[in-house]
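Colleague: I would like to learn how to read a protein model, one feature at a time. Could we go through one together?

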Amino acid sequence: MRWEDGRQSDNVEDRRGLGGGGGLRVGGGRLSLGAIVVALLGSWLFGINPMVVLGLVDGAGGGAPPAVRGERGPVSDEAGRFTSVVLASTEEVWAELFRQAGSQYRAPRLVMFDGRTPTACGTGQSATGPFYCPLDQSVYIDLEFYRMLQQRFQAPGDFAQAYVIAHEVGHHVQNVLGTMRQVQTAQQRASERDANRLSVRLELQADCYAGVWAHHSQRARGWLDRTDVQEGLNAASQIGDDRMMRRSQGTIVPDAFTHGSGEQRAHWFATGLRTGRLDACDTFRQAAP
Ligand SMILES: [Zn+2]
C-alpha cells in the first residue's frame, strides 16, 4: 500500500503518553467476572465499546467532554502517520458518497491512546481492541493493536490495518445514517440470540462499508496492489468469531457470534470492495449470508 505521500487528517487526537486517568468505573453494584469476560469476548474486536454491552455507560447525558485532551494535528511516528493518512482517505471517500446522495458527511474524530482512556461510552481499554463510541462520534485505537493483528491474529500487512480503521469508520457511517440506533432499539426487545444476530449484521455491514471505502480510495489514489487486497480479506477472515473463539476457548458457538464468521466477514468486505456501493451492503436482508 503506497500511503507515504498521503495527506494526514485534521481529526486525530493523540493521547499517547498522557496516561489514562481514572480506573474502570463500574456503576450500579458488582459485576461477575463471567459477565465481564463475556462482554469483552463479545465486543472483542472492532465492536462497540464493551461498556455499552455491559450497560455501564455513565449517566444518560452522554457526549460529555472527556477529561483527557491529547494533541491535535499531524503526528510524526510511522504507525500514527499511517493511521492519520488512512483516516483522511475515509473522510474524502465518505464526503463524496454523502454529497452524491445529497447529504453532508460529518467526519468522526480518531483518538490514539495507550492503556486506557476516558470516552463518552465509559473507559476505553486497549485490551478490547479498537472501537467506535457513538456518543462522542470517535474511533479509539491503541496502535499496539497493529502488532497484535500481525502476531496473534496472523493478519499482517498495512492494508489489514487500514481495514481495521475503515471498519470503525463504517460504524460511524452507520451511526450518522441512523442504522446503529435502529439496531439498538430492536435489540432491546429481542432475545439474546436475536440480539446477537443483529450485532452480527451490524458488524458485517461495517465490513462491507470498509470495502466500499477501499473501492473508492483505490479509484482515487491507485495505492493498493493485489497483495493488499489479499491482506484485507485475510484479516477479515482471521478475526471472524469462529477463529477468535477457537483461539480463546477451543470450541465454536455460532449463537454467541456477534461479529460473524471469518467467511461472512470476508464475503461482505469483498462485496463492498467489488461494488463500491452502499446499497450492496444490506446485510440485514433475510437471505443474506
Ligand atoms: Zn465492529
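Colleague: Which residue forms a salt bridge with D207, and how far apart are the closest N and O atoms?

Modeller: A salt bridge is a side-chain nitrogen of Lys or Arg within 4 Å of a carboxyl oxygen of Asp or Glu. Here D207 forms a salt bridge with R265, and the closest N and O atoms are 2.8 Å apart. The pair links distant parts of the chain, with D207 in helix α7 and R265 in helix α10 (residues 262-275), 58 residues apart. Before we go on, please keep in mind that this is a predicted model, in which local features need pLDDT of at least 70 and side-chain atom pairs count only at pLDDT 80 or more, while totals for chains, interfaces and linings use all residues. Residues are numbered from 1 along each chain as its sequence is written, and side-chain values use heavy atoms, with hydrogens and water left out.

Colleague: What do the names of helices and strands rest on?

Modeller: Helices (H or I, at least four residues) and strands (E, at least two) are DSSP runs, numbered from the N terminus.

Colleague: Are D207 and R265 buried or exposed?

Modeller: Buried means under 20% relative accessible area, exposed means over 50%, and partly exposed lies in between (1.4 Å probe, protein chains only). By that rule D207 is buried, and R265 is buried as well.

Colleague: How many salt bridges does a search of the whole structure find?

Modeller: The search finds twelve salt bridges. One of them joins R221 to E92, with the closest N and O atoms 2.9 Å apart. R221 lies in helix α7 and E92 in helix α3 (residues 78-100), so this pair ties together parts that are 129 residues apart in sequence. R221 counts as partly exposed because its relative accessibility is 28%, and E92 counts as partly exposed because its value is 35%. Another salt bridge joins R16 to D14, whose closest N and O atoms are 2.8 Å apart. R16 is partly exposed, with a relative accessible area of 25%, whereas D14, at 18%, counts as buried.

Colleague: Which residue does a disulfide join to C121?

Modeller: That disulfide joins C121 to C133, with an S to S distance of 2.0 Å. Its angle of 85° about the S-S bond makes the link right-handed. C121 lies in the loop between β4 (116-119) and β5 (122-125) and C133 in strand β6 (residues 131-133), so the pair ties together parts that are twelve residues apart in sequence. C121 is buried, with a relative accessible area of 0%, and C133 also counts as buried at 0%.

Colleague: Where does L110 lie, since I would like to read a residue in a strand too?

Modeller: L110 lies in strand β3 (residues 109-112), and L110 is buried, with a relative accessible area of 0%. Contact means heavy atoms within 4.5 Å. Leaving aside neighbours within four places in sequence, the residues in contact with L110 include N11, V12, T83, L87 and I165. L110 and L87 are 23 residues apart in sequence, and their C-alpha atoms are 8.0 Å apart in space.

Conventions: Disulfide = S-S within 2.5 Å.
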